[in-house]
Amino acid sequence: MSQAQPKQSGLIVLFGATGDLASRKLYPAIYQLYQRHLLSKHFAVIGTARREWDDDYFRQVVAKALEKAGIDVEAKRLKQFQEHFYYVPNDATKEEHFTILKEKMQTLKEKFKVESRYLYYLSIAPNLFDAVTKHLKSTGIMELEGTHRVLLEKPFGHDQASAKALNDALADTFSNENIYRIDHYIGKETVQNIWFLRRFNPMIEGIWNYHFIDHVQITLSENLPVGSRGGYYDDNGALLDMFQNHILQVMSFVGMDLPQENTASDLHAKKVAFLRSLPTLSVEQVKETIVRGQYDQSNDGHAIAYRDEEQVDDHSNTETFVAGRLTSHAKRWQGVPFYFRTGKNLSTGKYTTVDLIFKADTPLNNNPARLSFVITPELGARIVLNQKEFGTLKDQQVMPFWPDKKVLDTLYMPESYETILYCALRGDKTIFATIAEIEEQWRITDSIKQAWDVLPRPDFPNYPALSHGPKEAGQLLSEDQRQWIYEPQWEEDGK
């Protein structure tokens, strides 16, 4: 997005306005759109939740959220922004509360001369989705003239069957074209850059296949424990928290055929086609190609074990690490494995990378050339090439090439929720997941879950906190005569 993009108008109804996501991400994102002139003055935000707040207190919460996000706002500008925010206490299970909400919506639409465009952002527990959407319909809110869109945060169900059931429930109120499923990773500029780099550089797309690429590595590393999320995490684990959504979405951008048309529908069709090329894993395949782990206390004793975290079962078998190998049957990727890994409390810091490892001239080459996308921190694409080692006649040296950091520092990189909200207001579904993608993601994930249900209980914990993870993850690649990349060198050659 740039400031040349048209300003958007709309009425945003935020369910879960008192929650952590709203304060950390949504209020700062709305303000950034406002100050970048991508949000017109004809907008309003209604925050709603069970707490008995009023407009003044709600506006104070918004101001504190901006301050905590490090956004310095001049007092007059802040007041003008806050005047667009209103609060309506609401119990999602009580239909009469939605009648009050409808009256407020009608009042604000008239007051701010808002275009007939309504966004319902469900930043609430999934078990409340059905009640909210039913009451939006039963109280006549959906009959207000204009476009009505609903935005949902993950998780989209807990397996393929529940994802379908959730979609069917939403379809009773909203048409499919007006259901916007959020995976905030797709909103990241550096994730979108994967397909943009291919699209605008034919020489890169020309080698984006099994003739030149040996394998792909996708890494989502976290150096922190589960912390206060123990209760949620113990019910989900790394497989559902990171693999089912973020990893498979990123993998689809890498693996898909490049869309021929610059449309959301063509992009989603290509992503779905790639996801369908990935296998439903058998129990034996899961045993051989998927590694799970759980962190113990660190070797120095300073970091506690997962089972000692708050709200975590003392005998929990929930995985805090998962790695694996998937192989697509797509023609483009004959014999090319896609390796992935993600985990909590790892020693390599917090970062997300996609590494395409090119075929080497000889098996003895331990430093093959590669193209890397550094998604977090948001540094963009890096290429690592082998070149002549200076001062020798036959030896080689590895040389990384980065985008110009001085140029990057002059550019504004929107946070993912800015892009998500702007695109939803505009009606652009490019960066939102379709139900077809989600069903395929669950198909793959369900096969792993079902295999784990019948395989022997894991010998947890099996890796120390602040290490690289379980040794079996390294063996997964070493058995294929490959190795993981452990080179987060942003401080030296990227920043």
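Guide: Let's start with Glu440, which touches Leu275 and Arg276 once residues up to four places away in sequence are set aside. Glu440 is part of helix α14, which covers residues 435–454. Is Glu440 buried or exposed? Its relative accessibility is 12%, and because buried means under 20%, Glu440 counts as buried. Keep in mind that all of this comes from a predicted model.

Another buried residue brings us to a sheet. Ile182 sits in strand β6, and with a relative accessible area of 1% Ile182 is buried. Which residues does Ile182 meet, leaving aside its neighbours within four places in sequence? They are Tyr121, Leu151, Leu152, Glu153, Lys154, Phe156, Ile420 and Phe432. Pro155 is 27 residues from Ile182 along the chain, and their C-alpha atoms are separated by 9.3 Å.

Now step back to the sheet itself. It is an open sheet of 6 strands, and reading across it you meet β3-β2-β1-β4-β5-β6, with parallel pairing. Its edge strands, β3 (85–89) and β6 (179–182), each pair on one side only. On average, neighbouring strands are turned by 20° against each other, direction ignored. In general, strands of a sheet pair through backbone hydrogen bonds, either parallel or antiparallel. For a particular pair, take β1 (residues 8–15) and β2 (residues 39–49): they run parallel and are joined by 7 bridges. Within this pairing, Leu14 of the chain stands opposite Gly47 in β2.

Helices come up against the sheet too. Helix α2 (residues 55–68) packs on it and touches β2 and β3, and the direction of α2 makes about 120° with that of β3. Helix α5 (residues 129–138) lies across β1, β4 (117–122) and β5 (147–153), running at about 155° to β4.

Helix α2 also has a helix as a partner. It packs with α1 (residues 20–35) at an angle of about 90°, and the two axes are 9 Å apart. That angle makes α1 roughly perpendicular to α2. Which residues make the contact? From α1 come Ser23, Tyr27, Pro28 and Tyr31, and from α2 come Phe58, Val61, Val62, Ala65 and Leu66. Sorted by kind, the residues of this contact are 8 nonpolar, 1 polar and no charged.

Some of those names return when we turn to aromatic rings. Tyr27, Tyr31 and Phe58 are among the members of a cluster linked by ring pairs, which also includes Tyr34, Phe43, Trp53, Tyr57, Phe81, Phe85 and Tyr87. How many aromatic pairs are there in the whole structure? A search finds 29.

Conventions: Residues numbered from 1 in each chain as written. Predicted model: local features only at pLDDT ≥ 70, side-chain atom pairs only at ≥ 80, totals over all residues. Heavy atoms only, no water. Pairing = 2+ DSSP bridges. Helix = DSSP H or I, 4+ residues; strand = E, 2+ residues; numbered from the N terminus. Axes fitted to C-alpha atoms, helices over the stretch in contact; angles between N-to-C directions. Contact = heavy atoms within 4.5 Å. Buried < 20%, exposed > 50% of the residue type's maximum accessible area, 1.4 Å probe, protein only. Parallel < 35°, antiparallel > 145°, perpendicular 65-115°, else oblique. Nonpolar A, V, L, I, M, F, W, Y, C, P; charged D, E, K, R; others polar. Phe/Tyr/Trp six-rings, centres within 6.5 Å; stacked < 30°, edge-to-face > 60°.
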